[in-house]
Amino acid sequence: PVSAFVILERCVQAARGKRFLTAETWKPIVITAVILAAKTWFDEQLWLVDVRHQLRGYFDLEHLGRHEADMCKLVGFRFNVGPKTFYEYYFALRDLGRKRLETAHAHQDPQFRRAGFRRASR
């Protein structure tokens with residue numbers, strides 16, 4: 001997921017204000033970023049046919065290949081994520097997730113807390 005986020009952010013930056021992510025396209029674009037990250041990260045082939053089978057029914061998978069080609073062109077096939085970049089994004093995403101959990105916990109319904117549902121300690 002970290003590498004996929006890096007790829008997605010590179011695409012958004014390369015789009016330079018063009019309508020890259022919309023309400024209609026965000027799901028297949030995020031899935032495409034995950035697919036491209038997996039293709040880069042793992043040492044085995046990943047075929048869109050396998051992914052289509054797993055994701056059938058969630059959204060229109062008709063254009064995954066087109067999204068993949070568009071993203072490749074948009075970032076000039078720059079999918080490698082070096083260790084420094086990976087860890088910068090990893091820690092930033094981790095901190096963001098923690099803040100979000102803390103905010104959600106602070107705004108929980110008091111009845112929910114009394115019922116015994118507690119956030120797991122770190």
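Q: Why is Arg 94 called partly exposed?

A: Its relative accessible area is 32%. Buried means under 20%, exposed means over 50%, and partly exposed is whatever sits in between (1.4 Å probe, protein chains only). Arg 94 at 32% falls in that middle band, so partly exposed is the label. The areas themselves come from the Shrake-Rupley method with a 1.4 Å probe, and for residues only the protein chains shown count as cover.

Q: What kind of model is this, and how are its residues numbered?

A: It's a predicted model, where local features need pLDDT of at least 70 and side-chain atom pairs count only at pLDDT 80 or more, while totals for chains, interfaces and linings use all residues. Residues are numbered from 1 along each chain as its sequence is written, and side-chain values use heavy atoms, with hydrogens and water left out.

Q: What makes Arg 94 and Asp 95 a salt bridge?

A: The rule asks for a side-chain nitrogen of Lys or Arg within 4 Å of a carboxyl oxygen of Asp or Glu. Here the N to O distance is 3.5 Å, so the pair qualifies. Asp 95 is partly exposed too, at 35% relative accessibility.

Q: How many salt bridges does that rule give?

A: The count comes to 4. One of them joins Arg 66 and Asp 70, at 3.9 Å from N to O, which is still within 4 Å and therefore passes. Both residues lie in helix 4, 4 residues apart, about one turn of the helix. Arg 66 is partly exposed at 45%, and Asp 70 is partly exposed at 39%.

Q: Which salt bridge does Lys 39 form, and how do you know that it counts?

A: Lys 39 pairs with Glu 68, and the closest N and O atoms are 2.6 Å apart. This pair links distant parts of the chain, with Lys 39 in helix 2 and Glu 68 in helix 4, 29 residues apart. A distance of 2.6 Å is within the limit, so the contact is a salt bridge.

Q: What makes the largest pocket a pocket?

A: On a 1 Å grid over the protein atoms alone, a pocket is an open set of points with protein on both sides within 12 Å along at least five of seven lines. About 160 Å³ of space lies in this one, where volume is the space filled by probe spheres set on the points, joined across faces, edges and corners. Lining residues have an atom within 4 Å of a point. They include Pro 1, Val 34, Trp 41 and Phe 86. Helix 1 (2–15) and helix 2 (26–41) are the elements that give two or more residues to that lining, and helix 2 gives the most, with 4.

Q: How does the lining divide into nonpolar, polar and charged?

A: It splits into 9 nonpolar, 1 polar and no charged. Ala, Val, Leu, Ile, Met, Phe, Trp, Tyr, Cys and Pro count as nonpolar, Asp, Glu, Lys and Arg as charged, and the others, Gly among them, as polar.

Q: Why are Val 12, Leu 21 and Trp 26 called a nonpolar patch?

A: Patch residues have over 30% relative accessible area and no salt bridge, and nonpolar side chains (Val, Leu, Ile, Met, Phe, Trp, Tyr) are joined within 5 Å, like charges within 9 Å. Trp 26, for one, has 44% relative accessibility, so it clears the area cut-off. Trp 26 sits in helix 2. Together the three have about 270 Å² of accessible area.

Q: What makes Phe 77 worth a look?

A: Phe 77 has a positive phi of about 60 degrees although it is not a glycine. Most residues other than glycine have a negative phi. Phe 77 lies in the loop between helix 4 and helix 5 (83–106).

Definitions and conventions: On a 1 Å grid over the protein atoms alone, a cavity is a set of points where a 1.4 Å probe fits but cannot get out, and a pocket is an open set with protein on both sides within 12 Å along at least five of seven lines; lining residues have an atom within 4 Å of a point.
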